[in-house]
Amino acid sequence: QVQLVESGGGLVQAGGSLRLSCVVSGRTSSNFAMGWFRQAPGKEREFVAAIKGSGGITDYADSVKGRFTISRDNAKNTVYLQMNSLKPEDTAVYYCNAARSLSSTSAPLYADWGQGTQVTVSS
């Protein structure tokens with residue numbers, strides 16, 4: 001079994017910053033892309049950002065492009081999401097998951113999304 005543990009969320013004012021972390025435990029592979037997803041109250045889960053297994057190449061949703069940065073440290077089995085210039089519309093529970101490639105984020109590999117981490121942005 002693979003466990004995904006997200007952390008780093010909190011309450012922040014509009015324009016502020018947060019850095020999220022996702023630690024992957026169990027059998028996984030550095031060949032897998034990693035992605036961040038979020039789900040706001042009453043909304044479906046949506047894609048936020050993804051990074052190639054070896055790092056470097058990234059992909060972002062248009063709504064966060066230029067504000068969020070995804071990175072990873074494979075030695076620590078950890079993926080990060082640096083969120084700057086936060087807006088109230090960014091309020092959501094943030095989750096991480098893996099995909100076989102950057103183009104496969106619509107089919108995450110792990111069924112258990114864990115608890116996620118709550119991000120609340122006040123106006």
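The side chain of R72 has a polar atom 2.9 Å from the backbone oxygen of F32. This is a predicted model, where local features need pLDDT of at least 70, side-chain atom pairs count only at pLDDT 80 or more, and totals for chains, interfaces and linings use all residues. Residues are numbered from 1 along each chain as its sequence is written, and side-chain values use heavy atoms, leaving out hydrogens and water.

**Exercise 1.** Describe the setting of R72.

*Solution.* 
1. Find the element. R72 sits in strand β7, residues 68–73. Strands are DSSP runs of E, at least two residues, numbered from the N terminus.
2. Check burial and charge. R72 is buried (under 20% relative accessible area, 1.4 Å probe, protein chains only). R72 has no salt bridge (a side-chain nitrogen of Lys or Arg within 4 Å of a carboxyl oxygen of Asp or Glu). The nearest side chain of opposite charge, D73, is 8.3 Å away.
3. Look at backbone oxygens. That of G53 lies 3.4 Å from a polar atom of the R72 side chain.

**Exercise 2.** Describe the setting of D90.

*Solution.* 
1. Find the place. D90 is in the loop between β8 (78–83) and β9 (92–99).
2. Check burial. The relative accessible area of D90 is 0%, so D90 is buried.
3. List the contacts (heavy atoms within 4.5 Å). Beyond neighbours within four places in sequence, D90 touches R38, R67, F68, S85, V119 and V121.

How values were computed
Helix = DSSP H or I, 4+ residues; strand = E, 2+ residues; numbered from the N terminus. Buried < 20%, exposed > 50% of the residue type's maximum accessible area, 1.4 Å probe, protein only. Lys, Arg positive; Asp, Glu negative; His and termini not counted. Polar contact = N/O pair within 3.5 Å; in protein donor to acceptor, adjacent residues only side chain to side chain.
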